Amino acid sequence: MANLSTRFFGLELKNPLVIASSGLTNSLENIKIFAESGAGAVVLKSIFEEEVYFEYEEMMRKQGGSHHFHEHLDYFDYQIKDENVKDYIRFISDVKEAVDIPVVGSINCISSGDWVQFASKIEAAGADAIELNLFILPSDLNKSASEASEFYLSTVKAVLAKVNIPVSVKISSYFSNLGGMVKELAEAGVAGVTMFNRFYSPDVDLNSLSLKAANVLSSPSEYVMPLRWIGLLAGRVECQLAATTGIHDADTAIKMLLAGADAVQLASIFYHKGPAYAKELLAEMEKWMDEKGFASVEEMKGKLSFTNAKNPGWYERVQFMNYFGEYNG
Amino acid sequence: MTVNTDYLKEQRGQEWRVELRKKIKNKDRLTIERVKMPEMDPMERIKYQDKEVNLGLTLDAAMREASRCMDCANPTCIEGCPVSINIPKFVKNIERGEILDAASTLKETSALPAVCGRVCPQEKQCEARCFYVEKMKKDPVAIGYLERFAADYERESGSMSIPNVEDANGVKVATIGSGPAALSFAGDMVKLGYDVTVFEALHEIGGVLKYGIPEFRLPNSIVDVELDNLRKMGVKFETNFVVGRTASVEDLEEQGFKAFFVGSGAGLPRFMNIPGENYNGIMSSNEYLTRVNLMNAADDSYDTPVLKGKNVAVIGGGNTAMDSVRTAKRLGAERAMIIYRRSLEEMPARVEEVKHAMEEGIEFINLHNPVEYFANENGRVNKMKVQRMELGEPDASGRRRPVALDEYVELDVDLVVVAVGVSPNPLIPSCMPDLEVSRWGTIEVNEDKMQTSIPQLFAGGDIVRGGATVILAMGDGRKAAESMHGFLKEKYNL
């Protein structure tokens, strides 16, 4: 039987299957099933800075902007945040008590303010690591690329200064120099980088001529973007890498490991097949490894990365000219 | 509260009102400038914690101001008052010099006119709905000043009127708490003939009016006179009585109380939960103001101590923050600062309070927010780190929201008062398991009736709203009294 153990989040994992932060990891019952089904680690649902802001806005909206409540609600965001943080801390403790796999706390923040303090509370609650889910949509036309990068780096550095447990970062692909950004994050001291975060996206409703939410769950075809970047960066940056988005089966997970991922993070497929699917997926990975003669994940990891592949040009190729010249549908 | 338009019309049609309207032409009324409130000199007044800043109008000034009122056919000012005071009627009584009648008019619907005349944000309520503002874009009639004048005049005249009270019906009801909501409720219920007892946990009646608002804004003696008025109407007061500890609601029911109004307020301080907030020398505005206002800590002859600082920072921008920082100044602070994360324009404090604070030398450090406190070797706060803010888009309150910048400043401080809001007192909800409460500890009520999940229990004020103004709490008390009366009438065939 192949040895599936690996390292991510600066931690030893019994296998590379990490349950990504999602609504599913907001439930102790689900997390118990994931653990029983053999998952290597679980990232708890992020506590969202934005959620607090929206809840705060909702409270004020209910008061109709009445001046009677301006004083009472003036700092109520602190109260909401405090309650949310308390609930989250309690949840971390409950999960840690219930399962024996690494438990990763997750923070989704859009500013580098006092959310940084929250990282120490996650650590104190017993989390094995922290995943920072950082994202600002670079839609401000007056902000330079370097300002956006500075936000990520300063937030990461501030959190690293506060905690002793490993910190990883889950990022999007929206960087003007993605590879350089990952390198800088690694140099700042993060234990790992997960690529790529999947966001709420807008769509157009043709019937009502209005905007609506696009599909929330990923589709299998989305795996190619993280595959490219895992392949390009594996072995070339000083941190571990995890792939996420579009990984719906064992084959895609294996592809990511071959490209150089240390771990894979999955969520959408479990919405379709339930938490117990983790067991099946791991069995399929193991079967493939046995068939191909890989004794361990370590042995296969990065075999087809940019650094190790015989034809690394595939990772850098972006134009279709020749491909379509030969493509007949 | 709903406004009885027929009653207003009938009152407006009284001969004396008709004659008074004819006495001065409207165009002449419009030319009169709004009165200015005489104030104690700022450098003199900061020497005293218990001397009122506003000195009140003279009779002449009040009558002249009252003559600005147009006695509108559609008095929109009343719609702006949470307790529906018949504003034109009391103002016109002042104009004709019948000040005691003006005071009686106030007491028709308000249990605390001298209080409201001092602490209500009239500029956002009745005065904001005044004809002068809505139609003429001019300064409103100074309704708040006139309310205070009428109440003070009556008190000083020595002939306080006692509102009519119906024959006793023998039904015992109680309030839990003695703040503005409970007192307003008590006043209305006693008028309806109920046997009303007010239970107060502290040694003084008045709730936030006593422990929260400093005497330079609302002298305790003024509150006491209003309380005495309620006492004369038949309201009974029990101090040092903690419902839920001294006796439970069930115990009181066994003693014959048929229904209760919970007005136990929001006295639980909130903090920001930032690093260093537990150092000595950092306290809530509740603690600071209660020590000074209720326990006389500023007076060395009293046992209650209070920390005094040279460099005092007060966090927040509401009236409580203004009360705290102005108290600190009066207790000898060399540098008394407001640290507020929005700009002056977004401050929830009354404009008058901000103006008074500025006159008294309070330093306003706006667009800054504390992020960490530091202490000396004894654990006493000696420094704070504040983050610069800028204003973003308007939030749901209509005010521009603060957005943090990556810029920090350090300030030397030796006393910090945190005035960022309060939470409901948890005792009553915690000892009544069937009582429905929100996630934030407020009691859930049917908003039309102020009735809780326990039918004989009504509630209002900050224990329901989390935090609001004195007058809104009074409005709740009135609404609860009306619906409790309906409930008891039906239940006991009164």
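Reply: Happy to, and let's start inside the sheet. Strands β7(B) and β8(B), the latter covering residues 335-340, pair in the parallel sense over five bridges. One pair to look for joins V314(B) to its bridge partner I338(B) in β8(B). Please keep in mind throughout that this is a predicted model.

Stepping back, the open sheet has five strands, in the order β6-β13-β7-β8-β9 of chain B, with parallel pairing. At its edges stand β6(B) and β9(B), the latter at residues 363-366; each has a single partner strand, so one side of each lacks a neighbour in the sheet. From one strand to the next the twist averages 20 degrees.

Now to β13(B), which pairs with two strands you can trace by eye. With β7(B), residues 311-315, the pairing is parallel and runs over four bridges; here A313(B) has V416(B) of β13(B) as its bridge partner. With β6(B), residues 282-284, the pairing is again parallel, over three bridges, and S284(B) finds its bridge partner in V418(B).

The side chains of β13(B) are worth a look too. In a regular strand, side chains alternate between the two faces of the sheet. In β13(B), residues 415-418, L415(B) and V417(B) point one way while V416(B) and V418(B) point the other way, and all are buried.

Helix α16 of chain B, residues 285-294, lies across β6(B) and β13(B), and runs at about 80 degrees to β6(B).

Next, the wider setting. The domain assignment divides chain B into domain 1 (5-157), domain 2 (172-267 + 424-492) and domain 3 (269-421). The centres of domain 2 and domain 3 of chain B, taken over C-alpha atoms, are separated by 30 Å. Their contact takes twelve residues from domain 2 and ten residues from domain 3. On the domain 2 side, five of the residues are nonpolar, three polar and four charged.

Chain B also touches chain A, in a contact that takes 28 residues from chain B and 23 residues from chain A. On the chain B side, the elements giving two or more residues are α17 (319-330) and β12 (400-412) of chain B. By class, that side divides into eleven nonpolar, 13 polar and four charged residues.

Buried residues make up 47% of chain A. One helix to pick out is α9(A), residues 250-259: nine of its ten residues are buried, so the helix is largely enclosed by the rest of the structure. Among the buried ones are I254(A), M256(A), L257(A) and L258(A), together with K255(A). The buried residues of α9(A) pack against several elements of chain A, including α8 (224-233), β12 (240-244) and α11 (277-292). After α9(A) comes G260(A), with a positive phi near 130 degrees.

Definitions and conventions:
Residues are numbered from 1 along each chain as its sequence is written. Chains are lettered from A and ligands numbered from 1 in the order in which they are written. This is a predicted model: local features need pLDDT of at least 70, side-chain atom pairs count only at pLDDT 80 or more; totals for chains, interfaces and linings use all residues. Two residues are in contact if their C-beta atoms, placed from the backbone, lie within 7 Å. Ala, Val, Leu, Ile, Met, Phe, Trp, Tyr, Cys and Pro count as nonpolar, Asp, Glu, Lys and Arg as charged, and the others, Gly among them, as polar. A residue is buried if 20 or more other C-beta atoms lie within 10 Å of its own, exposed if 12 or fewer, and partly exposed in between; C-beta atoms are placed from the backbone. Two strands pair if DSSP finds at least two bridges between them. Domain bounds come from an automatic or database domain assignment. Axes are lines fitted to C-alpha atoms, for helices over the stretch in contact, and angles run from 0 to 180 degrees between N-to-C directions.
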